[in-house]
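Subject: Structure handover

Hello,

Here is the structure for your files. Please look through it before reading the notes below.

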Amino acid sequence: MPRIGIALGSGSARGWAHIGVLDALAEAGIHPEIVCGTSIGALVGAAHVAGRLPRLRDWVEAATWREIVGLLDVRLTGGGLIDGKELLSFLNGLGLAGSIESQPLRYAAVATDLANGREVWLQSGPMHAAVRASAALPGLFSPALHEGRWLVDGGLCNPVPVSVCRALGAEVIIAVNLNGDLLGRRFEATAPPMAAPATSPPSSEGMGRALRDLPLALRDQAVALAGRLFPLSAATPGYFDVLANSINIMQDQITRTRLAGDPPHVLLLPRLRDMALMDFHRGREAIAEGRACVEQALPLLRRHL
């Protein structure tokens, strides 16, 4: 059998679909030897190569908004709304603190050098640090300092890292593009899952934990900010609407260009149009869609393998 590589693309909460993709491939007897990921794809890919995918799946399927908010250590200074220390603790607890080079499969996470825009392939060092850097979504997470460089989300330069898989020796490449059907989605006048008045946090317990280290004055500002980030009405785009759609537009253009010049053998396109940037609590739906898109593509996969 040829050496298989899988490129797990960026897409924030939609990335839980990667879990379903990897599960369905394993059940079909397809086991990638090279795993490359960008942003949320780097996280799921890391869990897979470290043997922690079942643990991540269990957490994702049971996660509530309260638990999600608990991972968001909000701050009002620096290069992002979220510092990322709680995310690092979560990754450590998941068992991703080991080095990349000690893993049984080849792995690389893609990040972007904030100073010069160059693509950075993280193939050594602590796995949790590589994931944190690859997932530093501009406007949300603060940049990650890695070996003297400030790194941000790899989706800015390579949203679906087919080229990395090929460079690492993959002979057949399966790519997962999470953002192929998002452009043109309309803003609908429905309340987002964390909707809350500006005078109170979206989740009093979860946000209280996220803001516990802030001085009182800053805490009040953060609570008011949360109300603006998660408005009661979506009649006009909120902060995350603008951020998400802007990133979708950018990544769609970059992905089309990159895949046209360096196409995979099989391209999987989970249908996740209705999942928003922060819908991390909808993991079961995303995982199911990941499985479904693999099942539909099995005839093509088997022809290549």
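Glu147 sits in the loop between β5 (144–146) and β6 (149–153); helices (H or I, at least four residues) and strands (E, at least two) are DSSP runs, numbered from the N terminus. This is a predicted model, in which local features need pLDDT of at least 70, side-chain atom pairs count only at pLDDT 80 or more, and totals for chains, interfaces and linings use all residues. Residues are numbered from 1 along each chain as its sequence is written, and side-chain values use heavy atoms, with hydrogens and water left out.

Two backbone angles

Most residues other than glycine have a negative phi. Glu147 has a positive phi, near 50 degrees. Glu147 counts as exposed because its relative accessibility is 66% (exposed means over 50% relative accessible area, buried under 20%, partly exposed in between, with a 1.4 Å probe and protein chains only).

Ser39 is not a glycine either, and its phi is positive at about 60 degrees. Ser39 is found in the loop between β2 (34–38) and α2 (40–49). With a relative accessibility of 7%, Ser39 counts as buried.

The protein overall

There are 11 helices and 8 strands in the protein. Of its 305 residues, 54% are buried. The accessible surface is about 13000 Å², and carbon and sulfur atoms hold 54% of that surface; accessible areas come from the Shrake-Rupley method with a 1.4 Å probe, and for residues only the protein chains shown count as cover. Among contacts (heavy atoms within 4.5 Å) with a separation of 6 or more, 78% join residues 24 or more positions apart.

Regards
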